[in-house]
Amino acid sequence: MTALLELEDVEARYGPVHVLHGISLAVEEGSIVAVLGPNGAGKTTTLRAVSGTVRRSGSIRFAGRSLGRRGPDGVARLGIAHVPEGRGTFSELTVSENLRLGAYTRRGSIQPELERVFTYFPWLSERRRQQAGTLSGGEQQMLALARAFVHRPRLLLLDEPSLGLAPVLVAELFRIVRELNEDEGLTVLIVEQNAHLALQAADAGYVLEAGRVVLSGSSAELRSDDSVRRSYLGY
Amino acid sequence: MENAETSSLAGLRARGSAIDPGAVTVVLLLLGAAIFLLIGCLKSTNFAQYTIQGLALGSVYGSLALALVLVYRATHVINFAQGELAMFTTYIAYDLGLHGLSYWEAFAATLAIAFVIGTLLQVTVIRPVQHRSVIAVVIVTVGLFILIDGVVNWIWGGDFKSMKPPFGNGSFEIGGVTILHLYVGMMAVVLASVVLVWALFRFTKLGLGMRAAALRPAAAALVGVRVDSMLAIGWGLAALLGAVAGLMAEPSQIFLSPTFMQPILVYAFAAAVLGGLESPAGALVGGLLIGVTLTLIVGYVPKIGAELQVPFVFGVILLILLVKPTGLFGRREVRRV
């Protein structure tokens, strides 16, 4: 199997602050890969380096093609959907407009995608005309996911989807991500504080610390690793 | 399911917030104003005449205010050069007329040229400073004001020009009220252009992208919207609406001069502020209100008359900013975290 996404020696900085010190990781097509690590390890920045929302150097290849200096809109056009932390929904626009924006890079009718999205998120369909800002936090998170799905990306970058959500909703969200992965073959790179959940959903994982990959392996390997257990799983 | 329950709660809350006491007050106020005007028009032909003139002029102020609002939403600054830009494009139409184009040919060509100029201005002088600070952008627009003024004086000179009247000099009568074709034409043209721009924003993918880019540039880029292009197109559309305002204002000014849009820019400011700066509908309603108020005041209180119109409008702006800075339609955003 070849990697859909490949990062090699990727560095990123916010002004003078170096956040990533040469990250290398690979995401196989059709897999879910989790990025774990403590706060400030550079997990979010790793996703932002891929989507081009932070200045990066090093090599990032997507489907065999270098991302080069592409900005976020260019990266999105290649088929990468980034659901940022804090969701990035347009609270002033309606649910339906948010979904249409998800398909912004695509031509033609998005009706089939919308219908499929509504099978995963049935309640969205009734609330198409509602302003997205009036949805609850969990619903906005679901909307963000639905929007990313309408994009029909080859790769979904998911940043802290569980942040601030009730446990029931988190479980629901992960179930849907897993389902999208299994039924639609969606490849997912997910950043998550909740290592337990993330490793349950993911096929493989990377552990970051201070901007470097300190450990990687399949989910099973990581789950049985002592340091991961102690630091992230808490047993 | 828990999910469904929270959903219906959120729905209730959303519906609840739609009936906000501020909005009711505004609607009642506007209704009151409309009834006042209606009764006035029925009672006195003079009043009716002033009102119609005011609505026609007000629609022009409204369309320039709408241009201001478009730029404000995209760039978060007031484009002080908007009026001068409109004046410049009106001169272009005048010049095209000299070169043998009919009024409406020149009109169409001018709108296209205005769009291109607006887009180019955003790309060349606004974009480089846009991320520095709001003040930097404001200063650039003030610079543009002076630059355009200079360029127009240099090309066409400062003396008065006159253009062909677009709607002739005719008029018709309804119940003793004389209505100039001009006023009906002004309103129709402004309304048509506003509806077209509104439909563009509301119904097209481009419009959706432009709204997204203006609301949340970072999030818009993540879904693949080319934010920079959207902002440039936004400036182009603003310039186009400004051109409509300029061309429709010109016949009511009798002469074309390099300063003819300056008072109108002040009225448009007032209209935009009255409407809430972020609200396109507010800008239009604000424009109509300012237009009618001014013509009625000039008509009935000759002491204020033509000389004191601009200071009076400045007073209105000040008053709105003091009493209700969000204007009539500046809505508090519904947002939950």
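## Ala210(A), a residue in a loop

Ala210(A) counts as partly exposed because it has 14 C-beta neighbours inside 10 Å. This residue belongs to the loop that links strand 9 (204–209) and strand 10 (212–218) of chain A. Although Ala210(A) is not a glycine, its phi is positive, at about 45 degrees. Most residues other than glycine have a negative phi. Please keep in mind from here on that this is a predicted model.

Is Glu160(A) buried or exposed? Glu160(A) counts as buried, because 21 C-beta neighbours fall inside 10 Å and the cut-off for that class is 20 or more. You will find Glu160(A) in the loop between strand 7 (155–159) and helix 7 (167–184) of chain A. Glu160(A) is not a glycine, yet it has a positive phi of about 45 degrees.

## An open sheet in chain A

In which order do the four strands of the open sheet in chain A run? The order is 2-1-4-5, and the pairing is antiparallel. At the edges are strand 2 (17–28) and strand 5 of chain A, each of which pairs on one side only. Helix 1 (residues 43–51) of chain A packs on this sheet and touches strand 1, strand 2 and strand 4 of chain A. The direction of helix 1 of chain A makes about 75 degrees with that of strand 2 of chain A.

Strands of a sheet pair through backbone hydrogen bonds, either parallel or antiparallel. Here, six bridges connect strand 1 (residues 3–14) of chain A with strand 4 (residues 56–62) of chain A in the antiparallel sense. Within strand 4 of chain A, Ser57(A) is the bridge partner of Glu11(A). On to the next pair: strand 4 of chain A and strand 5 (residues 65–66) of chain A run antiparallel and are joined by two bridges. Arg61(A) stands opposite Ser66(A) in strand 5 of chain A. The hairpin of these two strands has two residues between them, and there Ala63(A) takes a positive phi near 50 degrees.

## The helix on the sheet

Helix 1 of chain A is largely enclosed by the rest of the structure, because nine of its nine residues are buried. Among these buried residues are Leu47(A), Ala49(A) and Val50(A), and also Lys43(A) and Arg48(A). Just after helix 1 of chain A comes Gly52(A), with a positive phi of about 80 degrees.

## Helices and a hairpin in chain B

Two packed helices are described by the angle between their axes and the distance between the axes. For helix 3 (residues 45–75) of chain B and helix 12 (residues 280–300) of chain B, the angle is about 145 degrees and the axes are 6 Å apart. The crossing of these two helices is right-handed. Their contact involves 16 nonpolar residues, eleven polar ones and no charged ones.

Ile174(B) stands opposite Val177(B) in strand 2 of chain B. Two residues lie between the strands of this hairpin, where Gly175(B) takes a positive phi near 55 degrees.

Ile92(B) sits in helix 4 (residues 82–98) of chain B. Why is Ile92(B) called buried? Ile92(B) is buried because 21 other C-beta atoms lie within 10 Å, and the cut-off is 20 or more. Leaving aside residues up to four places away in sequence, Ile92(B) touches Thr110(B) and Ile113(B). Ile92(B) and Ile113(B) are 21 residues apart along the chain, and their C-alpha atoms are separated by 8.6 Å.

## How confident is the predictor?

The model scores ipTM 0.87 and pTM 0.86. Chain B has an average pLDDT of 88, and 92% of its residues score at least 70. Among the elements of chain B, helix 4 has the highest mean pLDDT (96), whereas helix 1 (residues 2–18) has the lowest (43).

Over residues 1–18 of chain B, pLDDT stays under 50, and the model has 20 contacts for them beyond four places in sequence. The pLDDT is also below 50 over residues 333–337 of chain B, a stretch with twelve contacts in the model beyond near neighbours in sequence. Where pLDDT is low, the predicted coordinates should not be read in detail.

Definitions and conventions:
Residues numbered from 1 in each chain as written. Chains lettered and ligands numbered in written order. Predicted model: local features only at pLDDT ≥ 70, side-chain atom pairs only at ≥ 80, totals over all residues. Buried ≥ 20, exposed ≤ 12 C-beta atoms within 10 Å, placed from the backbone. Contact = placed C-beta atoms within 7 Å. Pairing = 2+ DSSP bridges. Axes fitted to C-alpha atoms, helices over the stretch in contact; angles between N-to-C directions. Left-handed = near helix turned anticlockwise from the far one by under 90°. Nonpolar A, V, L, I, M, F, W, Y, C, P; charged D, E, K, R; others polar. pLDDT = per-residue confidence, 0-100.
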